[in-house]
Amino acid sequence: MTVITDIPAQSDSGSEVSHQPTLSKRAYEVLSGTAELLEKFASLLGNQYSSENPNGIINFGVAENTLMQDELKNFLDKALNLKDLDFSYGDSIAGSTRLFKALSKLFDTYFNPVTKVLPDHFITGSGVSAVVDQTIQAVCDEGEAVLLATPYYSGFDIDVTIRARGMIVGVDTGDLDPASPETLKAFEEKLQELKGKGITTRAVILCNPHNPLGFNYPKETLLEYCRFCEKHNLHLLSDEIYALSQFKNDAIEKPTPFISMLSIDVKKEVGCHPGRVHVLYGMSKDWGSNGFRIGTLVTQHNPQFRKALLGTALLMKVSSPADSLWSALLNDPQMVDTFIKTNQERLTDTFNHCRDFFKRHNIDTKQPQAAHFIFINLKDYLRDKDDDGKELPTPLEKDNDLFMSFIKAGLFVAPGFMYHYSEPGWFRFTFCIRRDVLDTGLKRFESVLGKHKKTTS
């Protein structure tokens with residue numbers, strides 16, 4: 001994006017000034033990179049498919065679960081009950097006592113914590129992205145590294161770098177099973193490589209269940225992450241935002257159950273200081289409410305770290321209505337239990353529907369068992385020339401060509417390069433969409449495949 005700084009403007013006195021006021025270096029960095037990307041993303045959001053906009057974009061890219069919207073609307077429309085305190089700054093800088101107590105019940109019931117999760121273990125914020133941003137500011141100085149395995153959720157690129165000024169470093173684990181404890185050898189190599197360049201590593205992010213591959217990490221791998229972080233005095237951020245979005249996949253003979261870091265006695269098992277382990281969670285994914293913007297960090301054994309986050313918590317404080325509504329839902333145990341079970345049943349049903357579609361079209365996929373997406377291999381639909389006959393010499397150009405063909409057909413399907421996946425032709429397909437919209441989207445998807453000539457394997 002070109003940054004224009006020399007447009008004449010009028011001062012208050014009416015005289016002409018030579019140029020626009022100067023922005024910070026940080027702002028110009030954003031303008032030259034992230035701002036342009038987010039501007040394009042905003043244009044997609046502004047043209048979403050609906051009954052009023054039938055030619056709009058159907059979202060198979062962003063992880064949004066619409067399978068439970070009717071139940072959510074029916075419950076939440078009746079649940080808002082604001083108190084006098086909700087019109088003030090509330091009773092905690094880090095959120096509200098009401099939400100802390102409700103979250104404590106959720107974690108104690110469904111995450112099997114070794115140590116009971118108490119209200120003073122939480123920091124909440126306006127989405128997990130905001131919580132990650134503030135967390136990285138607390139654990140990293142500018143230019144220090146945060147490691148995570150590739151492929152990874154692309155939002156971390158923004159969360160870690162834009163304001164917190166950390167350095168996000170993807171770790172390529174090669175041909176290893178990405179859920180294997182052997183992958184930590186690649187982390188060791190990367191950390192030593194960074195050290196040789198004079199770069200300090202401060203933290204590791206673990207996404208469990210994994211985004212974008214949709215698997216649960218086994219306990220032995222979680223423990224290996226803890227050993228690695230203890231060895232190098234690192235913080236471990238376990239992003240568990242898809243914890244309850246589990247589903248059945250018949251292709252997986254022995255599914256790995258979800259295991260929260262909260263359920264492991266890391267000190268007893270591997271001698272890891274529990275104060276370096278923190279869990280991220282939020283309302284967006286398991287509860288189908290991206291727009292409510294509620295995220296939380298659970299830190300049970302590091303009061304100094306939580307106190308440091310209190311210093312910036314006001315910058316991301318959750319709004320009282322959103323706080324009130326999620327609290328009401330979490331404080332209704334029957335609703336919570338029914339919601340989780342029904343959501344998992346619908347995830348299973350919708351996953352099977354999409355898996356059958358991909359089978360009919362001979363499209364290979366990774367085999368997920370959690371989260372909202374299927375990683376699909378569309379390499380046979382990458383072209384050597386675009387619609388205008390222009391040569392597409394690089395894998396990235398071929399991926400982007402197929403991506404743009406989806407956009408032109410009214411679909412957003414996220415290419416693997418957005419998640420730092422090195423092999424061309426892979427896309428992340430969000431499947432947890434209401435069936436009528438999903439089937440309309442699959443027809444559009446099918447039409448794009450028909451127009452893209454298959455290459456010889």
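Biologist: Is Ser-180 buried or exposed?
Modeller: Buried means under 20% relative accessible area, exposed means over 50%, and partly exposed lies in between, with a 1.4 Å probe and protein chains only. Ser-180 has 14% relative accessibility, so it counts as buried.

Biologist: What kind of model is this?
Modeller: Residues are numbered from 1 along each chain as its sequence is written, and side-chain values use heavy atoms, with hydrogens and water left out. Local features need pLDDT of at least 70, side-chain atom pairs count only at pLDDT 80 or more, and totals for chains, interfaces and linings use all residues; the model is predicted.

Biologist: Where does Ser-180 lie?
Modeller: Helices (H or I, at least four residues) and strands (E, at least two) are DSSP runs, numbered from the N terminus. Ser-180 lies in the loop between β6 and α7.

Biologist: What distance separates the C-alpha atoms of Ser-180 and Gly-416?
Modeller: Along the chain, Ser-180 and Gly-416 are 236 residues apart.

Biologist: How far does helix α7 reach from its first C-alpha to its last?
Modeller: The expected span of a helix is 1.5 Å times one less than its number of residues. Helix α7 covers residues 184-196, which makes 13 residues. The expected value is 18 Å, and the helix comes close to it at 18 Å.

Biologist: Within what arc do the buried residues of α7 fall?
Modeller: Leu-184, Ala-186, Phe-187, Leu-191 and Leu-194 are buried in α7. The arc is that of the directions from the helix axis to the C-beta atoms. Seen down the axis, the buried residues of α7 line one face of the helix, because they fall within an arc of 145 degrees.

Biologist: Which residues are exposed on the other side of α7?
Modeller: The buried residues have their cover, which includes β5 (145-149), β6 (167-171), β7 (201-207) and α8 (219-231). On the other side of α7, the exposed residues are Lys-185, Glu-189 and Gly-196.

Biologist: Which residue just after α7 takes a positive phi?
Modeller: The phi in question is about 80 degrees. The residue is Gly-198.

Biologist: At what angle do the axes of α4 and α11 cross?
Modeller: Two packed helices are described by the angle between their axes and the distance between the axes. Axes are lines fitted to C-alpha atoms, for helices over the stretch in contact, and angles run from 0 to 180 degrees between N-to-C directions. The axes of α4 (residues 97-110) and α11 (residues 320-330) come within 9 Å and cross at roughly 35 degrees.

Biologist: Which residues of α11 make the contact with α4?
Modeller: Contact means heavy atoms within 4.5 Å. From α4 come Arg-98, Leu-99, Ala-102, Leu-103 and Leu-106. From α11 come Ser-320, Asp-323, Ser-324, Trp-326, Ser-327 and Leu-330.

Biologist: Where is Pro-151 placed?
Modeller: Most peptide bonds are trans. The bond from Thr-150 to Pro-151 is cis, with omega near -5 degrees. Pro-151 is in the loop between β5 and α6 (155-161).

Biologist: What is the omega of the bond from Asn-208 to Pro-209?
Modeller: Pro-209 lies in the loop between β7 and α8. Its bond from Asn-208 is cis, with omega near 0 degrees.

Biologist: What is the relative accessible area of Asn-233?
Modeller: Asn-233 is found in the loop between α8 and β8 (235-239). Its phi is near 55 degrees, a positive value in a residue other than glycine. Asn-233 is exposed, with a relative accessible area of 54%.

Biologist: Where is Arg-165 found?
Modeller: Phi of Arg-165 is positive, near 65 degrees, and the residue is not glycine. Arg-165 is found in the loop between α6 and β6.

Biologist: What arc do the buried residues of α10 cover?
Modeller: In helix α10 (residues 303-310), the buried residues are Phe-305, Arg-306 and Leu-309. They sit on the same side of α10, because around the axis they cover an arc of only 100 degrees.

Biologist: Which residues does Leu-449 contact, leaving aside neighbours within four places in sequence?
Modeller: Leu-449 has its place in helix α14 (residues 435-451). It is buried, with a relative accessible area of 6%. Its contacts beyond those neighbours are His-361, Ile-363 and Tyr-381.
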